[in-house]
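My notes follow in the order I looked things up.

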Amino acid sequence: MVAPIINTILVRVLVGFALGFILSFLAVEIEKVLLKRRELEFTRVKYEKWIIPIMMGVFGSLIMWRMSYSINAIYLFLLLIIGQVIVLSDIHHRVIPNDTLLAILILKLAFGIPNLLGVKGFPEFDVVQSIIGLFVAFAIFAFPAFIGKNIGIGDIKLAGCMGFCLGLMGSMCAIVLMGFFVIAYTFLQKKEPVLIMFKTLLPMGPFMVIGMMIVLIFGTNGLLNF
């Protein structure tokens, strides 16, 4: 009787929210350590103390709604922690720690290789698609930097890691979502025209992370059929 109740969508969503909310504070401690290595001061705007945990809780709810109690859910929660560190480091310091990028690659391999070996329950891992996604996503962000546009090197490296994590089609979906969120952000700011905003060094990390997590949660096919 207990098992069916635990597995209801409402309970899963509540569990996911609680996990995301709690893991937000773990991400803060990880961020502090990584910033200290770079001799950067940890900063936080007052409203972020609750807005960020709530947002993490929402993503946690989506993860549990879609993935239930699975290895895939564990994988996504770990990426969610890394994602928060990237988002806030990029917003406050225009820095994306290399440790977080390496963690994305390691997690993809750690959870993907068992799938290649035929172990059931692990996230799908297409090596060819991951390698193509890495190079294509990297190139998409590197080219504007090559011709003199304001694209941070951290954003370029994050794009490559995202491409490896999502594969070609997944990374293209994430980039489209990222572009949508950037345009929405510039529209809501209403301070400068969109074209001028794109000429400034806007931190792309937060938008890229959100796009990546949405693709991981809902899947490429799910988004294309939406």
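**Entry 1: a helix pair.** I started with helix 3 (residues 48-67) and helix 4 (residues 71-93) in this predicted model. Their axes lie 10 Å apart, and the packing angle is about 155 degrees. Angles over 145 degrees count as roughly antiparallel, so helix 3 runs roughly antiparallel to helix 4. I also noted the handedness: helix 3 passes helix 4 in a right-handed crossing.

Next I asked which residues meet there. From helix 3, I listed Glu48, Ile52, Met56, Phe59, Gly60, Ile63, Met64 and Met67. Helix 4 brings Asn72, Ala73, Leu76, Phe77, Leu80, Ile81, Gln84, Leu88 and His92. I sorted the contact by class and got 12 nonpolar, 4 polar and 1 charged residues.

**Entry 2: cysteines.** How many disulfides does the whole structure hold? My search found 0. I then checked Cys165. Its closest cysteine sulfur is in Cys161, 9.0 Å away. A disulfide needs the two sulfurs within 2.5 Å, so this pair is too far apart for a bond.

Is Cys165 buried or exposed? Cys165 is buried, at 4% relative accessible area. I looked up Cys173 as well, and that residue is buried at 12%.

**Entry 3: a glycine.** I turned to Gly133, which sits in helix 6 (residues 127-146). Gly133 has a relative accessible area of 0%, so it counts as buried. What does Gly133 touch, beyond residues up to four places away in sequence? I found Gly163, Phe164, Gly167, Leu168 and Ser171. Cys161 came up again here: Gly133 and Cys161 are 28 residues apart in sequence, yet their C-alpha atoms are 8.8 Å apart in space.

Note on methods:
Residues are numbered from 1 along each chain as its sequence is written. This is a predicted model: local features need pLDDT of at least 70, side-chain atom pairs count only at pLDDT 80 or more; totals for chains, interfaces and linings use all residues. Side-chain values use heavy atoms; hydrogens and water are left out. Axes are lines fitted to C-alpha atoms, for helices over the stretch in contact, and angles run from 0 to 180 degrees between N-to-C directions. Helices (H or I, at least four residues) and strands (E, at least two) are DSSP runs, numbered from the N terminus. Angles under 35 degrees count as roughly parallel, over 145 as roughly antiparallel, 65 to 115 as roughly perpendicular and the rest as oblique. A crossing is left-handed if the near helix is turned anticlockwise from the far one by less than a right angle, and right-handed if clockwise. Contact means heavy atoms within 4.5 Å. Ala, Val, Leu, Ile, Met, Phe, Trp, Tyr, Cys and Pro count as nonpolar, Asp, Glu, Lys and Arg as charged, and the others, Gly among them, as polar. Buried means under 20% relative accessible area, exposed over 50%, partly exposed in between (1.4 Å probe, protein chains only).
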